[in-house]
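This note collects comments on the strand pairing, aromatic packing and core of the structure shown below.

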Amino acid sequence: MIDSTNNGGSAGGAAINVASVDADNAGSNDRTLTLNSGTGGAIAVSGAIGATQALAGLDVTNSNGATFTGAVTVNDGSGVLDLSDTEDNQDVTFGGDVSAVTLTTTANAYDLIFQENVTVTNDVTFAAIRNLDLGGATDDVATFTGGLDATAATGTVTVAGTINTTNTQMDIGAVTLAAATTLDTGNAAAGILNVGAVTSGTNALTLDSGSTAGATIGLTSFADATGGLTIRDAGGLATIGAVGSGTAGNVTITNSQAGVTFSSTLDAGTLSITDTADNQDVTFAGDVSAVTLTTTANAYDLIFQENVT
């Protein structure tokens, strides 16, 4: 433990600066590190944690902001990365790749920022933190093998690159795209994908729940479709809210196994329906406006229930 609060005797604490950290014998599966800089001190780790021998645990008990510049590897044994607390409106930032077995957060109004790749084995449900950033560029990959739920965040959830679960559910809520983004839940019935209202920032969004029956997709809305929306695959029914209500863009259905329903209006540049399983419906329940409409010679049904331009 590195504690600048004198074991709680001085709540304000002081800054903690660390170069790097390794376990001395990772084979014991019990090497953990706790950092507590109190309400007034910041934590800064300039190098890697667990680069040679991974830690079994890393806990940020409290801080006035924490920055981990290098890679953080906490995947030995139980491998718990625990962000217990940080002062309101302060950032806990991971500037390098992060790997952990379990990631836990608490319902406190700090911001959590992952700037590079993230890999977590167990299901992750983010508590009611403030802002959450997953990735910063198109080449970043965040994999939450056991599932992901980011709906409790009270601020803005921002994503970029590829966000994966492995045959498990993803609930991401309202989200802002910092770059072109793919949301992919693998290929199993449990791989349900639920996405709230998307603020795209003109970036592209691709949705994929695999081809296994039951893996539905839900998208509340995608107002600025400049970058394009692609339903790459959907095992269950894909239900899509208003698309292009702010700015039109290309909309593509690459494949779906149980059909797609656009429950509201759709404004598109090119609306392209590449494929959907035989005898399944692609339904437009609201008005549709497109510059170009393309279909393919496949035995899906195409249903326009309102005005089409």
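1. The model under review is a predicted one. Strands β9 and β12 run in the parallel sense and are joined over 4 bridges.

2. How do the side chains of β12 point? D111 and I113 are directed one way, L112 and F114 the other way, and all of these residues are buried.

3. A separate matter is the open sheet of 5 strands, which follow the order β1-β3-β5-β8-β11 with parallel pairing. Its edges are β1 (2–3) and β11 (102–105), each of which pairs on one side only. Strand β8 (residues 80–83) is joined to β11 in the parallel sense by 4 bridges. Within this pairing, D82 lies opposite T104 of β11.

4. Turning to the rings, the count comes to 5 aromatic pairs. One of them is F68 with F94, a stacked pair with 4.9 Å from centre to centre and 10 degrees between the planes. F68 is in strand β6 (residues 66–68) and F94 in strand β9 (residues 91–94), so this pair ties together parts that lie 26 residues apart in sequence. F68 counts as buried because its relative accessibility is 1%; F94 counts as buried because the value there is 0%.

5. What geometry do the rings of F126 and F144 adopt? Their centres are 6.2 Å apart and their planes stand at 80 degrees, so the pair is edge-to-face; the cut-off for that class is over 60 degrees. The two residues link distant parts of the chain, 18 residues apart: F126 is in the loop between β14 (124–125) and β15 (132–134), and F144 is in strand β16 (residues 141–144). Both partners are buried, F126 at 1% relative accessibility and F144 with a relative accessible area of 0%.

6. The aromatic residues can also be viewed as a group. F68, F94 and F114 form one aromatic cluster. F114 is the residue that points with L112 from strand β12, while F94 lies in β9, a strand that pairs with β12.

7. The largest nonpolar core comprises 72 residues. Those with the most contacts inside it are F68, F94, F114, F126, F144, I240 and F262. Strand β19 (residues 170–184) gives the most to this core, contributing 5 residues.

8. The surroundings of F144 deserve a separate remark. Leaving aside residues up to four places away in sequence, F144 touches V118, V120, V124, F126, L134, I163, N164, T165, T166 and T168. Among these is F126, its partner in the edge-to-face pair.

9. Is S256 buried or exposed? S256 counts as buried because its relative accessibility is 0%, and it is found in the loop between β25 (249–253) and β26 (260–262). The side chain of S256 makes a polar contact of 2.7 Å with the side chain of T276. Not counting residues up to four places away in sequence, S256 touches D233, A234, D275, T276 and A277.

Terms used: Residues numbered from 1 in each chain as written. Predicted model: local features only at pLDDT ≥ 70, side-chain atom pairs only at ≥ 80, totals over all residues. Heavy atoms only, no water. Pairing = 2+ DSSP bridges. Phe/Tyr/Trp six-rings, centres within 6.5 Å; stacked < 30°, edge-to-face > 60°. Buried < 20%, exposed > 50% of the residue type's maximum accessible area, 1.4 Å probe, protein only. Polar contact = N/O pair within 3.5 Å; in protein donor to acceptor, adjacent residues only side chain to side chain. Contact = heavy atoms within 4.5 Å. Core = buried A, V, L, I, M, F, W, Y, C linked by side-chain atoms within 4.5 Å.
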